Amino acid sequence: MILHVACLPFPSPQGTQAAIHAMLRASASAGRDAHLLTYAHGAYEPDANYTIHRIQDFPKVRSLRSGPSWGKVALDARCVLETRRLAHALRPNAIVAHHIEAATAALAARVGPVYYVAHTSLRHELPVYFPRIPNRLAGRVASALEGRVCAQAAGVAAVAPILSTLLGEGTKYLPVPWSSPSTIDAPTRVRARAELALPRDAQVCLYAGNLDGYQGWERLVEAIDLLRRTHPRAVLLVATESEPGPARIEAERRGVADRTRFCRLDTEHARAFVHAASDLTWVPRRTEGGIPIKMLDAFSRQLPVVAMARATAGLPVTDACVVTPNDDGSALAEAARTLLDDRASAAAMGARAAHDLETEHGVDSFTEAMCALLSEARPSLQAKPAAPPRSEAWALRA
């Protein structure tokens, strides 16, 4: 049995939570007993084939946002105690900690071998959340923390090839398992646009994700401004659970408020409808590190993708999407023009993306990589394990 620890609200529309859910679901489907410890709150009740444990609901933090906060510090302290209690009650073969906060909490519990799964680069993202602190100082603090966690963990994995490189030698690549959504009752383009109050003849460029600083969504407002000059029916659809105020202000500043629409992204129903209503999706990225789950989601729905180079996270996706230079709104607009004008090529690219996703991000690829991670024999600085030795515990791999 594996105990996964994730110090975050669960589930939520955020990409990391979706990735963790996909990993746990794949593990359970492969016949492995998977348990998850997480915060007391989430956005909705998950459809889970694994066991979810939650810390006590105090303090009552209800934010679903990414990034650090004082409330989360208190919740993470509770995660230390609950990890220790669950480890003694369940006697897991290993503890898999998702994200730096969970790794810190699990290591502090000192109850067994902890395997760190990195979903992003703290060194690159932390400065975005603390803009008043010099980037060099914030990066130095983040690097020190990441280095300490990696050194103490029994094994380290990253969800993107570029992230495994950033974390250094010995870091394994752990692909996120991602499957195509059910086609049962899949919305049609006409039905989806009617529900979202979009014109039938609009040329819809989707952004589906949060509006935190590391995303670089501002470039999309620039891109729609440039795109509408040659394609006056072009619309930027922002599907998000973030406060849309900053994006509205930026759209008004650039004079494209009438070309920018906003909608919620709080359920699978909403996710299915925004993808069905769109002609393509833009995937920006301001910082290196994690893999944008929004890109995998678009691949699975055969929606053509235009992604900044940084957003590809080192994945071999050059045949599956259009890759543009980083932070270049004009390049995003030009790529969108090409896809909107050549629908046959766009459809073929979407089909290739779905096929590549099935091959590279299937359950078998994930399971094989997870087994390789948990077979690591790296020295660990932790206390006596709360489970049998790995040689005995991992006989179950056969």
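1. Partly exposed, as the word is used here, describes a residue whose relative accessible area lies between the under 20% that counts as buried and the over 50% that counts as exposed. In this predicted model, Asp-266 is partly exposed because its relative accessible area is 28%.

2. The partner of Asp-266 is Arg-264, with which Asp-266 forms a salt bridge whose closest N and O atoms are 3.6 Å apart.

3. Within helix H12, which spans residues 329-341, Arg-337 and Glu-334 lie three residues apart, or about one turn of the helix. These two residues form a salt bridge, with their closest N and O atoms 3.0 Å apart. In this pair the arginine is the buried residue, since Arg-337 has 15% relative accessibility, while Glu-334, with a relative accessible area of 42%, is partly exposed.

4. Beyond these pairs, a network of salt bridges links Arg-189, Arg-193, Asp-279 and Arg-343. Over the structure as a whole, the salt bridges number 17, and the pair formed by Arg-337 and Glu-334 is one of the examples described above.

Definitions and conventions
Residues are numbered from 1 along each chain as its sequence is written. This is a predicted model: local features need pLDDT of at least 70, side-chain atom pairs count only at pLDDT 80 or more; totals for chains, interfaces and linings use all residues. Side-chain values use heavy atoms; hydrogens and water are left out. A salt bridge is a side-chain nitrogen of Lys or Arg within 4 Å of a carboxyl oxygen of Asp or Glu. Buried means under 20% relative accessible area, exposed over 50%, partly exposed in between (1.4 Å probe, protein chains only). Helices (H or I, at least four residues) and strands (E, at least two) are DSSP runs, numbered from the N terminus.
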